[in-house]
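This report describes one protein chain for a reader who has its sequence and its three-dimensional structure at hand. Please consult both while reading.

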Amino acid sequence: MGDNPGYTADFIKSDTDRATFMADPALDHMMTALVSISTELWVQARRMKITERLLEDHGKVTREMIESYQPSAEEEAAGGRNATVSSSAPSVRSRWAHPAKGNR
């Protein structure tokens, strides 16, 4: 684990390589790609927010400053992961929340 155990964790390999979530394997592959791209986008957006905050506060940024950054409770509440997830793929989110409604 990194030097900041409260904010990051080591990658844990799961068995998703062989998992099937939907009837059509092509949909599984599409969802896997969507989740992967969304994850990368989240990471980049988060690092950008951290970089901007550090530049405002210190006028400079180093990799060490980014890696050791701890957001305040206000920062987490204002725009954390949940806000990003809520704005992503609303039709997919809606179908997962209400599977009985089916495809539209």
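How many helices and how many strands does the secondary structure of the chain contain? The chain has five helices and zero strands, and its elements follow the order α-α-α-α-α from the N terminus. The model is predicted.

**The chain as a whole**

The chain has 104 residues, of which 12% count as buried. Its accessible surface comes to about 8600 Å², and carbon and sulfur atoms contribute 58% of this area. Among contacts in the chain with a separation of 6 or more, 37% join residues 24 or more positions apart.

**Helix α1**

Helix α1 covers residues 25-58, which is 34 residues. At 1.5 Å a residue it should span 50 Å, and its end C-alpha atoms are 49 Å apart, so the two values agree. After α1 comes Gly59, which has a positive phi near 80 degrees. The buried residues of α1 are Asp28, Met31, Arg46, Ile50 and Leu54.

**The largest nonpolar core**

Which residues make up the largest nonpolar core? This core consists of five residues, namely Ile50, Leu54, Met65, Ile66 and Tyr69. The elements that contribute two or more residues to it are α1 and α2 (63-67). When residues up to four places away in sequence are not counted, Ile50 touches Ile66 and Tyr69.

**Salt bridges**

The structure holds three salt bridges, which are listed below.

| Pair | N to O distance |
|---|---|
| Glu67 and Arg47 | 2.9 Å |
| Arg53 and Glu56 | 3.9 Å |
| Arg53 and Glu75 | 2.9 Å |

Glu67 and Arg47 form a salt bridge. Glu67 belongs to helix α2 and Arg47 to helix α1, so this pair ties together parts that are 20 residues apart in sequence. Glu67 has a relative accessible area of 45% and is therefore partly exposed; Arg47, at 28%, also counts as partly exposed.

Arg53 and Glu56 are three residues apart in helix α1, so about one helical turn separates them. Glu56 counts as exposed because its relative accessibility is 61%, whereas Arg53 counts as partly exposed at 32%.

The salt bridge between Arg53 and Glu75 links distant parts of the chain: Arg53 lies in helix α1 and Glu75 in helix α3 (residues 73-79), 22 residues apart. Together, Arg53, Glu56 and Glu75 are linked in a network of salt bridges.

Key. Residues are numbered from 1 along each chain as its sequence is written. This is a predicted model: local features need pLDDT of at least 70, side-chain atom pairs count only at pLDDT 80 or more; totals for chains, interfaces and linings use all residues. Side-chain values use heavy atoms; hydrogens and water are left out. Helices (H or I, at least four residues) and strands (E, at least two) are DSSP runs, numbered from the N terminus. Buried means under 20% relative accessible area, exposed over 50%, partly exposed in between (1.4 Å probe, protein chains only). Contact means heavy atoms within 4.5 Å. Accessible areas come from the Shrake-Rupley method with a 1.4 Å probe; for residues, only the protein chains shown count as cover. The expected span of a helix is 1.5 Å times one less than its number of residues. A nonpolar core is a set of buried Ala, Val, Leu, Ile, Met, Phe, Trp, Tyr and Cys residues joined through side-chain atoms within 4.5 Å. A salt bridge is a side-chain nitrogen of Lys or Arg within 4 Å of a carboxyl oxygen of Asp or Glu.
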